[in-house]
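Here is a friendly walk through a few corners of this protein. Have a look at the sequence and the model, then read on.

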Amino acid sequence: MKSKKIILKSILSLALTLVSTFTSFAQTQPNTITEEGAWCWFADPRAVSYKNNSGTIDATYIGYIDVHGNIKATQINHLNNTTNEVLVRSYFQPDDHNNPTFLVLPDERVMIFYSRHTDEACFYYRVSKKPGDITSLGKEVRLETKNNTTYPSPFILSDDPEHIYLCWRGINWHPTIARLTIPDEKDNVKFDWGPYQMVKSLSGRGGVRPYAKYVSNGKDKIYMAYTATHPDNNSTNYIYFNYFDVNSKSLKNINGKMLSKVSDNTFDVDMSQEYKNNYPLTIVDDSNKRNWLWEVDIDQKGFPVIATVRINEDKSSHNYYHTKWNGKAWQQVFLTNAGGHFHQSPNIEKCYSGGMAIDKENSNIMYVSKPVKGKYGEVYELVKYQVSDTGEVMLEEQLTFDSEKGNSRPFMIKNNTSKLSLLWMYGDYYDWIVSKTRPEGYATGIRTFIEIPYKQSKTKKKLVKKNKTLKAFTITMELQMDDENYDGEILNSKYFSYGIAKNPSMKPYLKINGKKYISTNIFGSSDVWKQKNRSTSGDWYTPSKFDKVQITITYNKGRLITYINGLIDQVITVNSLTLKDLVFQNFKGKVVGCKVYKKAWSQQMIKN
């Protein structure tokens, strides 16, 4: 009887703990990073947090791409309690595979990589001019390669701090690696080792595309978990694990045995019995399922952990697993069934699960997207799972509730101080690319449980009724563009002007004291893709011109900032600028509204 009371008391205590935890998350409302944004899950890190020892930088950077082809990034500055959203690149291939990835350089500047999906032999990148501040991005640089690129994943390791190691899907559609120099004072880099194909899957036969996820130990190793091919293409799809040793430039198995010298030969992987006999320590999962993976990370002991999914023959049922190396073997723990494909389109990408993410502080915790019945029917919600070291599921806890639309593709930020630094996509998803087949594309936004600071500005919107000379100002205007007379100077003042360059550039510019500053971004969008075939053909179509557009220009304390539809475009440092004699006499379109204010608005004020 006494033992029964003890057991009952323990059960009650556990139940109260679970209820308390459940209630705390139930009261946590998601915050919206952006209403328009999405990402794939094979280019990382799509978000990073960085805090330096001197206390001058404490920020989080979150990247995504919207259906208009805008590559964007949000910067949360935790020191001054501000949030900014930057237009990294307009008019890009509107494809969610093209989300940007981040790297904090040794001098604390932030480097942003992006590339088109499979159909262009280059990367693009931009580097912040100021340490830790992506509102100060420099020029866009095109980094040429010999093979098409997708999914840039950059690393800097302490054993070789003078270089960047970049991993991607490149040569022959396989995992590829190269070493880059650190950007110089003009933001230029070059390849000084590689690129090299690291593995060759299934003899490299046509259509074989291994999918790889990477993580670094920060010192001397880049861990790589990858598949034999795309799970659509094979009813059986193995998952493998190797690591790249930065000192020997070799590929090794989990116990450190060399598999290949990367620059000399490419390691062959297969799904044959002979391969299994010869290289058992390279195989994570050899089940006869359409295996795929979502993330690889390192646990507190330095062992790899992989978020994996097993998909059945007809792709209708996806099962999530927590897969961990325990020092001797791979321990796979079944978490939950994840339904089928998460998106609205019934006949494409049936291997697209809702998604999984590994907790960066405790690798025994997983966050998954799965269908849950709620107020709006069966909708993909986020659920937290925790497993024990011995492989039992200890906790199942729902994090989002009664969502009207789906929550998918979660991502956990490393080094973030928030209790639950989780990001995810929210909304309807029809396709990974915008086309005339499915013009809605990836109609999602980005949400988070991170507290998004909105610093309440004391600046009042004091309208200037006369054309006074101002040392700090905000100019807001809604323009109705003339398609036939799209370029030219839009506004002019005594000390600066703003306009649009002629075709084919179509880039906005500032002229300040006779010097011209041309934007990286085209004054238009990629909406033209809505009229084109669904393909990764490599085409750059004629940009879609704006019918209407909101332009804002602010100046205060040496920073002149231009905004396009509320997104930061250009930030120019110029001292002692004043606004005087503002005119619109050369603009051929229509100024629907233009107002001048005495103070520089924050981006929050501009968006509102």
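## Cysteines without partners

The closest cysteine sulfur to that of Cys 167 sits in Cys 40, and at 16 Å the gap is too far for a bond. The structure holds zero disulfides, a disulfide being a pair of cysteine sulfur atoms within 2.5 Å. Both Cys 122 and Cys 167 are buried, with 0% relative accessibility. Here buried means under 20% relative accessible area, exposed means over 50%, and partly exposed lies in between, using a 1.4 Å probe on protein chains only.

A word on how to read all this: the model is predicted, so local features need pLDDT of at least 70 and side-chain atom pairs count only at pLDDT 80 or more, while totals for chains, interfaces and linings use all residues. Residues are numbered from 1 along each chain as its sequence is written, and side-chain values use heavy atoms, with hydrogens and water left out.

Let us start with Thr 400, which belongs to the loop between strand E30 (393-398) and strand E31 (407-412). (Strands, E, are DSSP runs of at least two residues, and helices, H or I, are runs of at least four, numbered from the N terminus.) Thr 400 is buried at 3% relative accessible area, and a polar atom of its side chain lies 2.9 Å from the backbone nitrogen of Leu 382. Beyond four places in sequence, the contacts of Thr 400 (heavy atoms within 4.5 Å) include Glu 381, Trp 424 and Phe 449.

Ser 250 lies in strand E19 (residues 250-252) and is buried, with a relative accessible area of 0%. Its side chain makes a polar contact of 2.5 Å with the side chain of Ser 248. Such a contact is a pair of N or O atoms within 3.5 Å; within protein, one must be able to donate a hydrogen and the other to accept it, and residues adjacent in sequence count only if both atoms are side-chain atoms. Thr 554, in strand E41 (residues 548-556), is buried too, at 3%.

## The largest cavity

How much space lies in the largest cavity? About 60 Å³. A cavity is a set of points on a 1 Å grid over the protein atoms alone where a 1.4 Å probe fits but cannot get out, and lining residues have an atom within 4 Å of a point. Its lining includes Phe 42, Trp 168, Arg 169 and Tyr 214. Strand E12 (160-169) and strand E16 (212-216) each supply at least two residues of that lining.

## Backbone details

Two cis peptide bonds deserve a look. One joins Asp 44 and Pro 45, with omega about 0°, and Pro 45 is in the loop between strand E1 (31-34) and strand E2 (47-51). Another joins Asn 503 and Pro 504, with omega about 5°.

Positive phi values in residues other than glycine turn up as well: phi is near 50° in Tyr 91 and near 65° in Trp 173. Tyr 91 is buried at 5% relative accessibility, whereas Trp 173 is partly exposed at 38%.

Key. 1 Å grid on protein atoms, 1.4 Å probe; cavity = no way out; pocket = protein on both sides within 12 Å on 5 of 7 lines; lining within 4 Å. Points joined across faces, edges and corners; volume = space filled by probe spheres on them.
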